[in-house]
Amino acid sequence: MLSIIIVFAFIAYSAFVQKILREKSQQYQLELAHQKEVTLQYTSVQESERKRIAELLHDDIGNKLNILSLWINNEDSLNNKRSREVIKQQIPALIEATRTISHSLYPVNLEKFGLILTLEALISNVNESLHIQLIVNHDYQKRPISFEVQIYRIIQEFLSNVIKHAKASNMLIHIRDTETSLALILSDNGVGFDNSILKKGMGLKNIDSRIKSINAFSKWKSKKGNGSRLIIILPIK
């Protein structure tokens, strides 16, 4: 009788162990699939940025250089005072365009001045038709530069969408840094959008991919005519 009980106990234990192993295997496969999805989405973001920068180089700097080359190679232009003035004006424009593209590749000011000052500089360059308020609760604690680049790009992408599509007059950037979490709230008072198109917009995809890359949680809230809001929470262990 005792031997039968021992056999049944062993079978039950073996079944229990096999169940645990299957669950761990399934969890591992899910984590693997998630990491693969994040990697693919991040690669898509990088390719999108490369394409945008290539277009800037071609359409902006390339065209300015072509025009400048025509002016310089034209003997009549060089002998004309007005033409020389135009050429002088083109050079600062080229320098500014190059600086803009360089900043698109990597926001170097982050390393020099930190996230908050870099955001203030970004806001100062926005047209006055859009009023942007930056609120920082508690003292923001500096993070690794790779992390701050992602936060900066998320805000930059949100701002770009607001300027292009939202028809908003106000935008809020709210950063709350506490001992337990880092929270970021981005909102605007624009036309909003239908949540069904959330997965279709490349700009929104880029934002979501960056959020996943820093292992944060997020929630979009938007309704046509009532603006949009993005809440991002990063728990601090």
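This is a predicted model: local features need pLDDT of at least 70, side-chain atom pairs count only at pLDDT 80 or more; totals for chains, interfaces and linings use all residues.
Local features need pLDDT of at least 70 and side-chain atom pairs count only at pLDDT 80 or more, while totals for chains, interfaces and linings use all residues. Residues are numbered from 1 along each chain as its sequence is written, and side-chain values use heavy atoms, with hydrogens and water left out.

Q: How many salt bridges does the structure hold?
A: A salt bridge here is a side-chain nitrogen of Lys or Arg within 4 Å of a carboxyl oxygen of Asp or Glu. Side chains of opposite charge can pair when their charged atoms come close. By this criterion the structure holds two.

Q: Which residue forms a salt bridge with arginine 143?
A: Arginine 143 sits in the loop between strand E1 (131-137) and helix H6 (145-166); helices (H or I, at least four residues) and strands (E, at least two) are DSSP runs, numbered from the N terminus. Its partner lies in strand E2, 34 residues apart from it, and the pair links distant parts of the chain. The closest N and O atoms are 2.5 Å apart, and the partner is aspartate 177.

Q: Is arginine 143 buried or exposed?
A: Buried means under 20% relative accessible area, exposed over 50%, and partly exposed in between (1.4 Å probe, protein chains only). Arginine 143 has a relative accessibility of 15%, so it counts as buried.

Q: Which residues are in contact with arginine 143, leaving aside its neighbours within four places in sequence?
A: Contact means heavy atoms within 4.5 Å. Aspartate 177, the salt-bridge partner, is one of these residues.

Q: Lysine 142 and glutamate 148 meet in a salt bridge; which of the two counts as exposed?
A: Their side chains meet at 3.4 Å, N to O. Glutamate 148 has 0% relative accessibility, so it counts as buried. At 57%, the exposed one is lysine 142.

Q: What is the volume of the largest cavity?
A: On a 1 Å grid over the protein atoms alone, a cavity is a set of points where a 1.4 Å probe fits but cannot get out; lining residues have an atom within 4 Å of a point. Grid points are joined across faces, edges and corners, and a volume is the space filled by probe spheres set on the points. Two cavities reach 30 Å³ or more. The largest holds about 40 Å³.

Q: Which element gives the most to the lining of the largest cavity?
A: Leu115, Tyr140, Ile151, Ile175, Leu182, Ala183 and Leu184 line this cavity. The lining has seven nonpolar, no polar and no charged residues (Ala, Val, Leu, Ile, Met, Phe, Trp, Tyr, Cys and Pro count as nonpolar, Asp, Glu, Lys and Arg as charged, the others, Gly among them, as polar). With three residues, the element giving the most is E3.

Q: Which elements give two or more residues to the lining of the second largest cavity?
A: The second largest cavity has a volume of about 30 Å³. Its lining includes Leu182, Ala183, Ile232 and Ile233. The elements are E3 and E5.

Technical notes. On a 1 Å grid over the protein atoms alone, a cavity is a set of points where a 1.4 Å probe fits but cannot get out, and a pocket is an open set with protein on both sides within 12 Å along at least five of seven lines; lining residues have an atom within 4 Å of a point.
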